[in-house]
Amino acid sequence: MGKVTNHRRWLVIGLVVGSLLSCDSNTGYRGYLTEGFEWSYFVECDSQEKWWLKNTPTMMDLRKKLSNKGVKFVYDMSQTNPTVYVSVTGQLSEKGQWGHLGQYPRQLAINKYQAYSMDKQDICG
């Protein structure tokens, strides 16, 4: 019984280490983000594919910083929200169904932002 338990322990450790090593959280992305009532997404420069934005501590910090500069997202269905161009690093999920009603093909978890602007040229060139 001890060998089975030990084997299971090493199997679990191997799976955890393997999944951590496969996570690339330092990939850079440039594009825009916006959010509102039951939607929150990021679109890379020169793309139209929307990725669900995971609510990370970095996203909460970015929202606060933007709000302090007068850029506010509202969560009322009748409102139009701002588009903010960003340069970020984060982890992109595998293809699947993400976000509200699974309508996004990927999820982006932002762990750092380098720059943000209301002007597309500043970020996307």
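Strands β1 and β4 pair in the antiparallel sense over seven bridges; strands, like helices, are DSSP runs numbered from the N terminus (H or I and at least four residues for helices, E and at least two residues for strands), and two strands pair if DSSP finds at least two bridges between them. Within this pairing, the bridge partner of Y29 in β4 is V88, and that of R30 is S87. The structure is a predicted model, in which local features need pLDDT of at least 70 and side-chain atom pairs count only at pLDDT 80 or more, while totals for chains, interfaces and linings use all residues. Residues are numbered from 1 along each chain as its sequence is written, and side-chain values use heavy atoms, with hydrogens and water left out.

**Overall architecture**

- The protein has three helices and five strands, and from the N terminus on its elements run α-β-β-β-α-β-β-α.
- Of the 125 residues of the protein, 33% count as buried; buried means under 20% relative accessible area, exposed means over 50%, and partly exposed lies in between (1.4 Å probe, protein chains only).
- Among the contacts with a separation of 6 or more, 62% are accounted for by residues 24 or more positions apart; a contact means heavy atoms within 4.5 Å.

**The barrel**

- Five strands form a closed barrel in the order β1-β2-β3-β5-β4, with mixed pairing.
- The twist from one strand to the next averages 55°; axes are lines fitted to C-alpha atoms, for helices over the stretch in contact, and angles run from 0 to 180 degrees between N-to-C directions.
- Strand β2 (residues 39-44) pairs with β1 in the antiparallel sense over six bridges.
- The strands β1 and β2 form a hairpin with two residues between them, and E38 in the turn has a positive phi of about 60°.
- Strands β4 and β5 run antiparallel and are joined by eight bridges, with Q91 standing opposite A109 in β5.
- Seven of the nine residues of β4 are buried, so this strand is largely enclosed by the rest of the structure.
- Helix α2 lies across β1, β3, β4 and β5, running at about 30° to β5.

**The nonpolar core**

- In soluble globular proteins, nonpolar side chains tend to be buried together.
- A nonpolar core is a set of buried Ala, Val, Leu, Ile, Met, Phe, Trp, Tyr and Cys residues joined through side-chain atoms within 4.5 Å.
- The largest such core has 16 residues, and L33 and F42 have the most contacts inside it.
- The elements that give two or more residues to this core are β1 (27-36), β3 (51-53), α2 (57-68), β4 (84-92) and β5 (107-117).
- Not counting residues up to four places away in sequence, F42 touches several residues, including Y29, L33, W51, L53, V86 and L108.

**The loop between β3 and α2**

- Both K54 and T56 are placed in the loop between β3 and α2.
- T56 is buried, because its relative accessible area is 10%, whereas K54 counts as partly exposed at 39% relative accessibility.
- The side chain of T56 reaches the backbone oxygen of I110 at 2.8 Å; a polar contact is a pair of N or O atoms within 3.5 Å, where within protein one must be able to donate a hydrogen and the other to accept it, and residues adjacent in sequence count only if both atoms are side-chain atoms.
- Leaving out residues up to four places away in sequence, T56 touches A109 and I110, while K54 touches M59, Q107, L108 and A109.
- The C-alpha atoms of K54 and S40 are separated by 8.2 Å, although these residues are 14 residues apart along the chain.

**The disulfide**

- A disulfide is a covalent bond between the sulfur atoms of two cysteines; here it is identified as a pair of cysteine sulfur atoms within 2.5 Å.
- A search of the whole structure finds one disulfide, formed by C45 and C124 with their sulfur atoms 1.9 Å apart.
- C45 lies in the loop between β2 and β3 and C124 in helix α3 (residues 120-124), so the pair ties together parts that are 79 residues apart in sequence.
- The torsion about the S-S bond of C45 and C124 is about -75°, so the disulfide is left-handed.
- Both C45 and C124 are buried.
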